[in-house]
Amino acid sequence: MLITRKVEFSASHVCVNPALDRAANEELYGAEANPHGHGHNFVLEVTLEGEPDPVSGMIIDLRQVKQLLEEEVVEPMDHRHLNREVPPFDRVVPTPENLALEIWRRLEPRFAATPARLKQIRLYETEDLFVDYEGR
Amino acid sequence: MRLTRRYRFSASHRLHAPSLDALANRELYGKCNNSHGHGHDYALEVSIAGQPEGATGRLVALGRLDGFVESVILKALDRRDLNSEVEEFATLVPTTENLTAVVAARLAAAWPAAFADSAARLEKVKIHETRKNIFEVQIGPPEPASDVSPKRPTQPQIKASQ
């Protein structure tokens with residue numbers, strides 16, 4: 001059985017690869033390359049897999065899910081500048097693809113220690129652009 | 001990893017199977033058979049799969065994907081009448097099943113040349129006809145090479161109901 005929990009965080013970022021010139025960056029990232037940065041209301045959907053416990057009837061205590069997402073995602077990223085305040089984005093371009101990889105890296109080991117298993121994350125940068133990642 | 005980008009287009013259509021009589025068409029398609037046609041604000045989701053490139057952190061440059069979908073799909077479908085202006089629907093009822101298959105086929109046919117330098121592949125196409133009706137076509141993995149055409153949805157209703 002799958003269960004999905006949603007959280008939101010708002011953050012600013014700049015998508016620029018310093019090894020490339022300005023034209024190449026604009027070609028690659030478009031308006032996201034604006035050096036002054038800009039922000040998004042990111043929406044993260046975390047899908048967990050497991051079987052309901054016969055006693056509690058729950059796959060996992062949702063308070064635990066909420067707490068874990070708070071610690072690994074919301075607290076470090078909400079109302080932050082990703083490039084300046086959230087490693088590894090001081091050296092990794094904070095595209096939604098890379099942000100999804102980083103969120104997976106943070107969450108996967110934490111959920112491994114719970115009755116649920118991290119199945120998929122979906123990260124919306126805007127409602128018209130989202131990334132799904134299942135650990136591969 | 002899968003990246004999905006959403007686009008919008010508005011188009012009119014009329015569902016009418018020429019091989020059926022007026023009554024059968026009305027019964028089959030209901031309001032959608034209105035002889036004057038009607039329209040929708042469609043939302044098109046294009047999903048691509050692959051791994052972000054190390055240096056760029058992208059599956060593909062988003063501007064390139066947008067330009068590709070614009071030139072291959074949106075230019076041909078947005079603010080158009082599907083029945084009279086889109087080649088495939090001269091012989092095919094423009095149900096959203098068929099529309100999704102046509103969009104998938106066009107994207108799949110143009111993808112290899114447009115993204116020859118990219119490891120990303122086209123994975124699926126989803127069309128929201130309205131908020132309530134959503135259609136999806138998977139585009140097969142690249143191997144074998146001859147199987148890049150999208151899987152057609154179930155037979156068009158017209159055939160199933162004959």
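# Notebook: a first look at two chains

I began with chain A, where 32% of the 136 residues count as buried. A note to myself before going on: this is a predicted model.

**Chain A, overall**

I listed the secondary structure of chain A and found four helices and five strands. Following the sequence, I wrote down their order as β-α-β-α-β-α-α-β-β. Next I looked up the extent of chain A: its C-alpha atoms fill a box of roughly 60 × 25 × 25 Å along the principal axes. I also checked how far contacts reach along the sequence of chain A. Of those between residues at least 6 apart, 69% join residues at least 24 apart.

**Where the chains touch**

I then stayed with β5(A) to see what it pairs with in chain B. Its partner is strand β1 (residues 2-13) of chain B, and the two run in the antiparallel sense over four bridges.

**A helix in chain B**

My next stop was α4(B), which has 19 residues. From its first C-alpha to its last I read 26 Å, close to the 27 Å expected at 1.5 Å a residue.

Which residues of α4(B) are buried? I noted a run from Thr96(B) through Glu97(B), Asn98(B), Leu99(B), Thr100(B), Ala101(B), Val102(B) and Val103(B) to Ala104(B), and then Leu107(B) and Trp111(B). Looking for what covers the buried residues of α4(B), I found that the cover includes β2 (38-49), α2 (62-77), α3 (82-85), β4 (121-128) and β5 (134-138) of chain B.

**One residue up close**

I finished with Ala108(B), which is found in helix α4 (residues 96-114) of chain B. Is Ala108(B) buried or partly exposed? It counts as partly exposed, because it has 19 C-beta neighbours inside 10 Å and being buried takes 20 or more. I also looked up Leu122(B), which lies 14 residues from Ala108(B) along the chain. The C-alpha atoms of these two residues are separated by 7.0 Å.

Technical notes: Residues are numbered from 1 along each chain as its sequence is written. Chains are lettered from A and ligands numbered from 1 in the order in which they are written. This is a predicted model: local features need pLDDT of at least 70, side-chain atom pairs count only at pLDDT 80 or more; totals for chains, interfaces and linings use all residues. Two strands pair if DSSP finds at least two bridges between them. A residue is buried if 20 or more other C-beta atoms lie within 10 Å of its own, exposed if 12 or fewer, and partly exposed in between; C-beta atoms are placed from the backbone. The expected span of a helix is 1.5 Å times one less than its number of residues. Two residues are in contact if their C-beta atoms, placed from the backbone, lie within 7 Å.
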